[in-house]
Every structure is written in structure tokens, then in C-alpha cells.
Amino acid sequence: MEPERHLVVGQSSIVFEHGAERVLIRLAETAQVESARAAGKEIPFSFARGTLVLELPQGENVTITVSYRAEFNDPVSRNPAAGEDPSYGVSAAITAEGTFLGGGSHWYPVPSQVPLCRKISITAPAGIEGITNGARILRETSAGVTKSVWQESRPVGVPSVSAGPYLIEERQAAGVTLYSYLYRDNANLAPRYLDAAAKYLSFYQGLFGPYPFEKFAIVENFFPTGYGFPSFTLLGGTVIRLPFIADTSLPHEIVHSWWGNGIDVDLSQGNWCEGLVTYLADYLLMERRSPAEALEYRKQLLIDYASLVTAENDFPLTSFVSRSDPASRAIGYGKGAMLFHMIRSQIGDDAFFNALRAIARDRVYGSASWNDLAAAFSRSAGRDLSPWLGEWLSRPGGPRFSLSQVEKKRQGDGWLVTGTVYQSSPPFDVRLPLTLETESGVIESVVPVRDQNSVRFAISTPVPPQRLLLDPEASIFRIISPSEIPATVNSIKGSTSLVGVITKNCKAPPELFKAMLDSLSQADARVLIESALDPAQAQSDDLVFCGMPQNLSLLQIPQQLNTAYKSTIAAAGDDSLLFVVLKHNPPGRGVIALFQPESRAAAEKYAAKITHYGKYGVLIFSAGSIRIKGTGIAAGEGRLIDFLN
């Protein structure tokens, strides 16, 4: 690599088995192929539109050597806008600051098949350390050049490369070689990340079986990414400094070592791995810490889906490939995670994790589809889950439930609670949990709702009933009602009729206000001045005000929040920003939000951060960071019957 020239100069040797005559190889369209040789002689080739065609000589195990060069210099934004693309549009870049060569850029001649073994040698100016897939079998610096050699015993996919002026630490833990490749400013974080990697690798090997690669490395990127590759994770420098990443993003990428990297995804039936990894990392670790945290996480998945997904942008899990916007993330990651929770709830922990271990054992270094997962869960459970799973995978949306005709009456010495569960049409096959609260405890009941839109139920209790709740543990995937959804930043992201309103009190320029709306997936929202807002529009549309409106009846900030924000201003002055999302008044008619920076500088500093707090409805920034974040209470009408009122 020649960072100053954004250049990679490469030589790739590929051994083809006997019988191959003409082969096609992918290489970056902008590359220059300098030669193709076999047994020291030039061989015919053609190269156009990213495809290199080689005419092979006859013989046993023919070795072809391709010499090439290519420039990679995708623009890397210093302040990338918030979005769902983890690469921020960077496919490959070789710079003095750092290098990232994504496999999808075809930075080297990529054969049509994954080879049986693979070795990669990286050389760069002295002090520039390169890293890629496989075990490091050589690392040295001499004559102004730093070189490393990496070898994969069981190659998977197309390798990516990262390089930079890294400081490197190494240790052995959980039977795995661990590395940290960090820039000098973050090198002090190495022990924290190596300790965390050792802990989570040990934990997940206990769940899934042996770790499938030769090493695991924590590698710093020069722009803010969160990637998982076979045998390493690539985290942006701004990301790696966040104190919670070692226990959130890191285990997520470690779990990808099995699901998505060790086992590739057969996309013909959709991408299952993001939902599975979300469930096994983000969710499962919360469950291990606290049942309350796990419950809040499941509720949030349902809230995100209901807030972000509409009939226009919904699709079935079999159509999910990767996240492209908040709605696709809520489907592929959130709904997918809830489906795995439903599988686990149905078949039990032993059968669930035994199935995962069997898939990890049988499919490692290969690929798997939803059908393969369904077959493994069915074998482990001892019954065929495929028809049930097929319905959940092939249909968009989900069931909507409500309680009706609920009554209590005396029955001998006790009480009988009866009622009807209504489900939206067409119905889903669901085992719907109901919980009856009494003065002496709770009574759990499960109502099978298969091909019916309404099902009667009856629950007996020896003591007076107090409350009846529909799925209070958020244990199934369902589309919750608007009354169950607190007003949050995600409510703004999911709005289909948003209007931005610039008031006389707005302290941000219009272009910055519009950029903030763009970061909330509302680039097409109408923006107008307050005097142009007609009363009917104010009542029918979702609104985001920049600055307090003159008509204070439109936006009534709770007194407690107002007091807290005034205290922030008193301490931080103009370096303060409030973003609050509230239910429309009257309720049930959408949301209304206030974007209130105390200065243009505050708007520039904090506006782009708002999108990262999707589940919150109250955000207060000051003195360089988030100071207060919170969410309002949802009423939950339609899923709760209170017998005491």
C-alpha cells in the first residue's frame, strides 16, 4: 500500500485445479491489470467493467499470478450524517490517516469460489500496520517497510483489510489469540477491550461451541463504523471511546463470528442473522443482567416497529437483506429478534440452544437459510415448526389484539373472569398470554389464537380479580396500539405527515433545521414559518417546532421538564438544547415536538445527535454531552382491564 498516493499495488497468485480452461475473476473497475502469468509466461486475458477473464494453460494445479494496481479514495466525511449505512458510503479508501478496503470493493482479484486456503501479505510504509482475516504468521519492520502475513486455514467470504499507525497488544484467552490494533490516542483502552473480548468469547463458546477463527482482534477505524468481519471487528475511533461499547457493540460483533461470518447467510430466503445476533447479544445480555431490563428491551422492539413501520414501508422477513432506513432495521433486527424469542419461548431453552449448537457445528464455513434454521429448531423440539415459522416469515406485519366483553362474576367461593380476545384479520397463529392480577398474586393463562379473529376465554380465581392484562411481558410479536406507544424521537422518524415549523424564537438557521429533520429520516417533510401554519394543519399533522410557538396552546411543556431545562440553561447558558416529543392534544392524533437550541452553536453541536436517541421523548444537551434523557408513559388502552375502577 502507498497511502500518500491512495494506491494498492498487488500480486495475486491463484491455484486452479486441473480442468479449468477459462475463468472469470472480479477486480475493481478502476484497477489496471499489468500482467497475468503462468509458469513464468504471459497468458491471454481481458479486463473490462470489473471482470478479468483468464485463458488457462492445460495442466495439473495451474498457478496464475496477476499483477495489478488500483487507487481507492472514497470520500470520508469528518462529520457523517446519521443513517443506517454503517459504511457511510465508504467502500474503500487508502489515506495517510488510515486504510479501509472493504471486500465488496474487489480490491484484489476475487475468484468465483472461496479458495481452500488463503494467505495475504500486506506491506506498507514503516509504522503502518495492516490486518485482515486469518492468523498472523509474520510481522516485521525493516528497510522502511512494515510487513505482516495472514493465513486462513478455512477461508470464508471476501476478506477486508484495515491499516493504520496502530499500537498493538496481544494476549491469549478463552483458547483464542486476541489483539488490539488501536491508534495512539486510544491505545490506553486496549486492556478494557481485550478483557471484554475474553469474557464474551468464553461465554458464547459455552452457548454455541468452538470459536470458528484463528484470532479475534479489536481494530480502530479512522471513520465511525461498527463492523464485524471474520476474526476481527472494526470500530471507529469516536465509537471506541464511548464507555458502553465494550459491553454492547463488541459482544454484538463477537456473536457475528458465528452467525453471519462463520456461517454465511443464504439470502434467497432473507437475512436471518441480524435478528438472531440482536437477540443473542443485545437482548440476551440484558436478560442476564435483569428481567426488568429484558422486558423493557422487548417492549422497545414493539414500540420501534409500531412507530417506524407503515403499510407503505413494511415487508416480510423473507425480503429483509440489510438495513437501509429505520423501518427496515425495525423489521430485520427487531421483528427478527422477537421471532427468535417466540421460538425459544415455545420450545424451551435446552431445545433452542441445542439447535443453535447443531447449526454452528454442521454449517460452519458454509451457509444457512431460514429453512435450515427451521429444520434445526424442529429437530431439537421434536415437532415440525416449519408451517408456523413459514407464516411469520412470509407475511408482513403482525397481529393486533384487543380485549372486549370482559366481565367478572361470582362462581361458588371464587370468581370467574370471562371475555373475548379480538385479533386483526387475517389472523396469525399465536399463543397469547393473559395475566390476571389479584390481591394474592397473579394467574397466568395462555389463549391459543390460530385461524380465528375472536376467541373466548375464562380464568378462575379464588380471590377478587384486580386487573387483566394482555401480554404484559411483551413475549410475542404484535403491533401495539397508538395508546401503548410513548411519544419518542422514533415517532418523528416514523411519521408520514410531518411538518417542520420555524417560529420567531428559532435560533437555528433554516438549513440546519432541515438537516436535523433529514437526520430523522424526514428529508421530504414540509417546512414553513409559523404564520403559514393553518389551524386544521396544526391539528391533523405531526409537527416539529424550531423554537417555542407563539400559540402556546399548541405545545404545552410539562412544568417539571420546563424547570429542569431552565436549570440547565442557568448552568450552561447558550450551550444548551432541548428536544421533546409529546402526544398531540387531544391524544390519539399523532405527536408534536420542540427543537429548541439556545444558540446557533448549540444547534450545530447537538442537532445531529438527536437521531441516536430514538427510544426517548425528552433530550437535554449541554456542556458537550447529553444531560437528561427520558420517555413518557403510555396509557396502554385496549390491553388492560381494571376491575377496581
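Visitor: Is Cys 273 buried or exposed?

Guide: Welcome! This is a predicted model, where local features need pLDDT of at least 70, side-chain atom pairs count only at pLDDT 80 or more, and totals for chains, interfaces and linings use all residues. Residues are numbered from 1 along each chain as its sequence is written, and side-chain values use heavy atoms, with hydrogens and water left out. Buried means under 20% relative accessible area, exposed over 50%, and partly exposed in between (1.4 Å probe, protein chains only). Cys 273 has 5% relative accessibility, so the word for Cys 273 is buried.

Visitor: And Cys 117, is that residue buried or exposed?

Guide: Here the relative accessible area is 56%. Because of that value, Cys 117 is exposed.

Visitor: Which cysteines form a disulfide?

Guide: A disulfide is a covalent bond between the sulfur atoms of two cysteines. The rule used here asks for a pair of cysteine sulfur atoms within 2.5 Å, and the count comes to one disulfide. The sulfur atoms lie 2.0 Å apart in the pair Cys 506 and Cys 546.

Visitor: Where in the chain do Cys 506 and Cys 546 sit, and how many residues apart are they?

Guide: Helices (H or I, at least four residues) and strands (E, at least two) are DSSP runs, numbered from the N terminus. Cys 506 belongs to the loop between β29 (498-502) and α11 (510-519), while Cys 546 is in strand β31 (residues 542-546). The pair thus links distant parts of the chain, with a separation of 40 residues.

Visitor: What is the handedness of the disulfide of Cys 506 and Cys 546?

Guide: Look at the torsion about the S-S bond, which is about 60 degrees. The disulfide is therefore right-handed.

Visitor: How many bridges join β1 to β7?

Guide: One example is Leu 7, whose bridge partner in β7 is Glu 71. Strand β7 covers residues 62-71 and runs antiparallel to β1, and the bridges joining them number ten.

Key:
Two strands pair if DSSP finds at least two bridges between them.
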